[in-house]
Amino acid sequence: MSKFIKRLKKSIGTAEKALVIGTAFGHLDDIKKHFNTVFVHNEKDSIRSRNIVNIKNINDIGMSSYP
């Protein structure tokens, strides 16, 4: 586990999903290994992997499931 992922997990606790803007400062490979689902908003590239969901419009992300 990389130092980046250790710090990330410590700050957010246990989470199964992650939201990434851009390329995650070059840590996208580490992030996709440690989270079940990774939502990526990247206008330049279409990143593909088994657990990555590409988001074309950042406004599609809503907080409707939260009070």
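## Overview

Of the 67 residues in the protein chain, 24% count as buried. Buried means under 20% relative accessible area, exposed means over 50%, and partly exposed lies in between (1.4 Å probe, protein chains only). This is a predicted model, in which local features need pLDDT of at least 70 and side-chain atom pairs count only at pLDDT 80 or more, while totals for chains, interfaces and linings use all residues. Residues are numbered from 1 along each chain as its sequence is written, and side-chain values use heavy atoms, with hydrogens and water left out.

The protein chain has two helices and three strands. From the N terminus on, their order is α-β-α-β-β. Helices (H or I, at least four residues) and strands (E, at least two) are DSSP runs, numbered from the N terminus.

## Surface and contacts

The protein chain exposes about 5,500 Å². Carbon and sulfur atoms supply 51% of that area. Accessible areas come from the Shrake-Rupley method with a 1.4 Å probe, and for residues only the protein chains shown count as cover.

Contact means heavy atoms within 4.5 Å. Take the contacts in the protein chain with a separation of 6 or more: residues 24 or more positions apart account for 18% of them.

## Helix α1 and its end

Helix α1 spans residues 3–12 and is hardly covered. Among its ten residues, the count of buried ones is one. Gly13 follows α1. The phi of Gly13 is positive, near 80 degrees.

## Strand β1 and Lys17

Lys17 lies in strand β1. Lys17 is exposed, with a relative accessible area of 54%. Leaving aside neighbours within four places in sequence, Lys17 is in contact with Phe35, Thr37 and Phe39. Lys17 and Phe39 are 22 residues apart in sequence. In space they are 7.6 Å apart, C-alpha to C-alpha.

## The second largest pocket

The second largest pocket has a volume of about 210 Å³. On a 1 Å grid over the protein atoms alone, a pocket is an open set of points where a 1.4 Å probe fits, with protein on both sides within 12 Å along at least five of seven lines; lining residues have an atom within 4 Å of a point. Grid points are joined across faces, edges and corners, and a volume is the space filled by probe spheres set on the points.

The lining of the second largest pocket has 13 residues. Leu8, Ala18, Leu19, Val20 and Ile31 lie nearest the centre. The elements that give two or more residues to this lining are α1 and β1 (17–21). The largest share, five residues, comes from β1.

## Two residues with positive phi

The loop between β1 and α2 (28–34) holds Ala24. Phe25 is found in that loop too. Ala24 is not a glycine, yet its phi is positive, about 60 degrees. Phe25 also has a positive phi, near 55 degrees, in a residue other than glycine.

Are Ala24 and Phe25 buried or exposed? Ala24 counts as buried, at 8% relative accessibility. Phe25 is exposed, with a relative accessible area of 80%.

Side chains of opposite charge can pair when their charged atoms come close. A search of the whole structure finds one salt bridge. The term means a side-chain nitrogen of Lys or Arg within 4 Å of a carboxyl oxygen of Asp or Glu. Here the side chains of Asp29 and Lys32 meet, at 3.6 Å, N to O.

Asp29 and Lys32 are three residues apart in helix α2, so about one helical turn separates them. Asp29 counts as partly exposed, at 47% relative accessibility. Lys32 counts as partly exposed as well, at 24%.

## Asn51, a buried loop residue

Asn51 is found in the loop between β2 (37–41) and β3. Asn51 is buried, with a relative accessible area of 7%. Which residues is Asn51 in contact with, leaving aside its neighbours within four places in sequence? They are Lys32, Phe35, Asn36, Thr37 and Val38.

## A nonpolar patch

Leu19, Ile21 and Ile58 form a nonpolar patch on the surface. Together they have about 270 Å² of accessible area. Patches are made of residues with over 30% relative accessible area and no salt bridge; like charges are joined within 9 Å, and nonpolar side chains (Val, Leu, Ile, Met, Phe, Trp, Tyr) within 5 Å.

Ile58 is placed in the segment after β3 (52–54). Ile58 is partly exposed, with a relative accessible area of 34%.
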